[in-house]
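Please consult the sequence and structure shown here.

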Amino acid sequence: MDVGELLSFKPTPTPKRPNEDESEDSEDETVRPPKTRRLGSSKTHRLAHLKGQPLPKEPMITDKEREDILRFVETEATEGEVLDDTTVKKLVLNFEKKALKNREMRIKFPDQPEKFMESEVDLHEALQDLSAVATVPDQYPLLVELKCISSLLELLSHDNTDISTKVVHLLQEFTDVDILHESEEGAEELINALAEAEAPALLLHNLTRLDEQVPDERDAVHNTLGIIENITEFRPELCHEVAKQGFLQWILKRLKLKVPFDGNKLYATEILSILLQNTPENRKLLGELDGIDVLLQQLAFYKRHDPSGAEEQEAMENMFDALCCALMEPANRDRFLRGEGLQLMNLMLREKKMSRNGSLKVLDHALAGPDGKDNCNKFVDILGLRTVFPLFMKTPKRKRLLTVDQHEEHVVSIISSMLRNCQGSQRQRLLAKFTENDLEKVDRLLELHFKYMDKVDRTEKEMEQDTEETDDDAQYLKRLSGGLFTLQLIDRIILEVCTAGPPTIKQRVQRVLSLRGGSLKIIRHVMREYAGNLGDAGSEEWRQQEQQHILQLVDKF
């Protein structure tokens with residue numbers, strides 16, 4: 001075969017894309033001029049090297065397909081119906097017609113499903129068509145104006161759960177946070193419409209009739225929780241409304257279900273954390289619904305068992321976080337105490353499972369501040385000192401989810417809270433711990449003092465090099481997160497044990513400080529700054545008492 005034959009050669013078209021306008025005669029195809037022209041003389045040299053080798057087959061495409069590809073390359077858009085106002089109105093009108101037809105057929109033939117089944121399929125298809133609007137959030141105001149959102153919410157109570165689950169899926173697509181942020185106006189209109197119609201209550205009513213053994217209905221439960229997450233993330237102030245309309249109660253009931261762990265339980269714990277995080281009213285409501293007991297019962301399983309996988313571990317951590325949030329409500333501290341939450345947390349710390357990370361955080365929240373007084377005294381009574389001080393002396397390496405710094409912060413915070421809140425014999429037992437084994441705990445305190453002094457020094461040097469201007473409050477917060485908060489807690493403990501304990505403690509502190517180049521003046525300075533920046537915990541009267549107490553300790557020191 002010479003070069004000329006190669007140039008005129010055309011492979012047989014592939015059967016996958018036949019060309020109807022051309023003859024099937026292979027001889028005609030071999031002499032088609034367009035193909036010869038497309039190869040061109042510039043390729044002749046290269047083709048000469050291919051003599052004797054079979055050429056790869058080239059798929060055939062029609063002229064129309066070629067034009068479509070060129071148009072797509074030029075405009076980066078394919079032909080398709082644009083979702084303008086007219087198209088959206090058509091979709092909504094079609095949906096409303098199908099919904100009305102289905103309602104009429106169900107009323108007319110309530111006991112003859114074969115009569116209304118066709119209208120139900122049509123309605124399902126109309127809902128599927130509406131999902132296209134989820135890609136254009138600018139059209140959400142039109143959906144609201146046409147009362148489409150109200151009609152969709154009405155269908156949540158449809159007798160056929162296939163319809164209600166489809167509506168849930170559609171609403172989940174509409175409220176996707178990434179979509180909402182594409183159009184501020186559209187998102188506002190949609191969320192307002194859902195809030196005014198009390199959508200959480202309607203979604204909840206649908207949830208109560210879903211059977212999670214059925215895959216589609218299980219997905220609908222997940223999508224419902226997704227809707228709640230989306231609307232509360234976009235508008236956090238709706239958290240209270242969501243809880244008030246019954247979702248908090250449903251979540252607690254779902255957690256108590258004796259079924260194997262699944263994704264819906266994980267999602268329920270996530271929503272619980274979201275609802276409690278920044279909403280004091282929800283923390284109070286949780287306590288009133290016996291939520292503290294429910295959380296303690298759920299967490300009790302992890303006292304002697306580790307989670308079976310990453311998802312279950314995340315669910316466990318979510319429940320610990322929810323418990324920490326709940327304990328910020330004073331009334332819940334009493335419920336935690338009565339529900340033997342302290343005993344459970346203490347046992348978790350001793351069992352050395354993964355749960356001890358969460359239990360340490362919960363104890364920190366339960367004992368902190370003026371509302372932690374009863375819990376502090378009780379913790380000493382149940383021999384909690386035997387559990388906490390080994391953790392203070394040595395940070396565990398196995399099954400530790402917290403960082404070393406986080407672990408040390410929680411432990412010193414617990415000890416600091418007990419020194420402030422314990423009274424009588426419990427306080428004496430606590431102080432006596434620092435005199436044991438040749439004052440080893442005092443040495444550990446000073447070791448931590450120097451560690452966090454170095455961290456604060458490094459943070460302050462980094463801030464000096466930072467050219468960005470920040471106000472005093474921002475600088476103080478940066479120093480707190482850079483180690484100052486833990487340093488304040490450590491120095492607070494040093495002050496308390498030096499003034500209330502035997503003289504040998506203060507003598508050891510002075511000796512170690514002088515050996516390592518530290519001074520009492522630095523500790524006094526740290527504590528004066530701490531006294532001048534007390535947080536919002538407790539009442540104004542308590543803050544004044546606390547400030548006065550710290551300054552008295554500084555003077556005695």
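## Salt bridges and overall architecture

A network of salt bridges links Asp405, Glu408, Arg444, Glu447, Lys451 and Lys455; a salt bridge is a side-chain nitrogen of Lys or Arg within 4 Å of a carboxyl oxygen of Asp or Glu. This is a predicted model, in which local features need pLDDT of at least 70 and side-chain atom pairs count only at pLDDT 80 or more, while totals for chains, interfaces and linings use all residues. Residues are numbered from 1 along each chain as its sequence is written, and side-chain values use heavy atoms, with hydrogens and water left out.

Side chains of opposite charge can pair when their charged atoms come close. By the rule above, the count comes to 25 salt bridges. Three of these pairs are listed here.

| Pair | N to O distance |
|---|---|
| Asp405 and Lys455 | 3.0 Å |
| Arg444 and Glu447 | 3.0 Å |
| Glu496 and Arg492 | 3.3 Å |

In the salt bridge between Asp405 and Lys455, Asp405 lies in helix α25 (residues 404–421) and Lys455 in helix α27, so the pair ties together parts that are 50 residues apart in sequence. Helices (H or I, at least four residues) and strands (E, at least two) are DSSP runs, numbered from the N terminus. Asp405 is partly exposed, at a relative accessible area of 27%.

Leaving aside residues up to four places away in sequence, Gln488 touches Tyr476, Leu480, Val526, Met527 and Tyr530, where contact means heavy atoms within 4.5 Å.

Asn437, in helix α27 (residues 436–465), has a positive phi near 50 degrees although it is a residue other than glycine; Asn437 is exposed at 54% relative accessibility. Leu439, also placed in helix α27, is not a glycine either and has a positive phi of about 60 degrees, but Leu439 is buried at 9%.

A negative surface patch is formed by Asp84, Asp85, Asp138, Glu145, Asp178, Glu182, Glu185, Glu189 and Glu233. Patches are made of residues with over 30% relative accessible area and no salt bridge, with like charges joined within 9 Å and nonpolar side chains (Val, Leu, Ile, Met, Phe, Trp, Tyr) within 5 Å. Asp84 lies in the loop between α5 (63–75) and α6 (85–108) and is partly exposed at 35%.

Overall, the protein has 31 helices and 0 strands, and 45% of its 557 residues count as buried. Among contacts between residues at least 6 apart in sequence, 74% join residues at least 24 apart.

Conventions
Areas by Shrake-Rupley, 256 points an atom, 1.4 Å probe, with all protein chains shown as cover. Lys, Arg positive; Asp, Glu negative; His and termini not counted. Charge placed at Lys NZ, Arg CZ, Asp CG, Glu CD. Buried < 20%, exposed > 50% of the residue type's maximum accessible area, 1.4 Å probe, protein only.
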